[in-house]
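Here is a short report on one structure. Look over the sequence and the model, then read on.

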Amino acid sequence: MTQDILMSNDETVPTTDASSNQLKQYCATAKSAEGAQLLEVLRQVLEAPSIYVFGELLALPNVQELKGGPHAKYLNTLNLFAYGTYKQYKQQPGEYLELTALMQKKLQHLTIVSLAIQNKCIPYEVLLEELEINNVRHLEDVIIEAIYADIIHGKLFQNNRFLEIDYAQGRDIPPGYTTKIAQTLQQWVDSCNTISNCIDVQITRANIEKAKSLKNKEHIDAEIINLKKALKTQITDNDESMQVDARESSTMDIRRKPFKTKSSRLHHAPLEVSAGRRILPAKKPDAPSGSMKYLN
């Protein structure tokens, strides 16, 4: 056997419609039955493998008339199958009919359904205790039979020893339990309203913060635009100032630069006197600048 068993309902099992039709037939028969015939119908319903709800039968007046009479055990057993568990039967077996093997197996299946409604992961220890089974292999067989009956869907985890529930069929609602259901639903509605109001408050706060953020962003964008304009103006002013300084510097350089003329060269030409001779620069324009004329 594999360690983890995923049960799928590939085998042919009674469908919900077929079970409903079969229950209607039993109800129609029981409605007009009396005495031993009625008791036999109830026994057949308790053993029928495809019927797991009994509210319609319990609503029949002639069935309710069994209460407090010599055949009250039939009504008690029908109530047990509708609302109770196998452990309840074992606690007070004298209050009910002696269960046949089919009835016992069916009540164990209904007990698993009750546990599955309360908890989606059911440990083997809980199942062994509630079903009063002392063999794990026997327990797994009962669970597999319940899955094939299409009243639960789930997986068996043998290593971790628990049953994981994916789906569980509903059971009959006990008399007076509708008030508790209504209260539970009202509490759920109140919780939803409270959560909705909290969400509305959070939305309002978020919208306020969003508006502040947008306003702050607009302010920052405006400051960035002003800074860009100021920087652009400053850069333009600096460029113009640099151009003016460049023109002034160029004018000063032109004024400071000396002009080289022939007269200036003659004016600054050196004179030498040696041995009674004066050496003067040549006056001829075509003479080289370095030539000299000797005079006595």
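## A tyrosine cluster

Tyr89 and Tyr96 are both buried; buried means under 20% relative accessible area, exposed over 50% and partly exposed in between, with a 1.4 Å probe and protein chains only. This is a predicted model, where local features need pLDDT of at least 70, side-chain atom pairs count only at pLDDT 80 or more, and totals for chains, interfaces and linings use all residues. Residues are numbered from 1 along each chain as its sequence is written, and side-chain values use heavy atoms, leaving out hydrogens and water.

Tyr89 has a relative accessible area of 10%. The ring centres of Tyr89 and Tyr96 lie 6.0 Å apart with planes at 45°, so this pair is tilted. Rings of Phe, Tyr and Trp (its six-membered ring) pair if their centres lie within 6.5 Å; planes under 30 degrees apart count as stacked, over 60 as edge-to-face and the rest as tilted. Tyr86 joins Tyr89 and Tyr96 in a cluster linked by ring pairs. Tyr86 is buried too, at 5% relative accessibility.

The whole structure holds four aromatic pairs. In one of them, Tyr86 and Tyr89 have ring centres 6.2 Å apart and planes at 40°, so the pair is tilted.

## A hairpin

Strands β3 (residues 152-157) and β4 (residues 162-168) run antiparallel, joined by six bridges. Strands pair if DSSP finds at least two bridges between them. Strands (E, at least two residues) and helices (H or I, at least four) are DSSP runs, numbered from the N terminus.

Phe157 stands opposite Phe162 in β4. Four residues lie between the strands of this hairpin, and Arg161 takes a positive phi near 60°.
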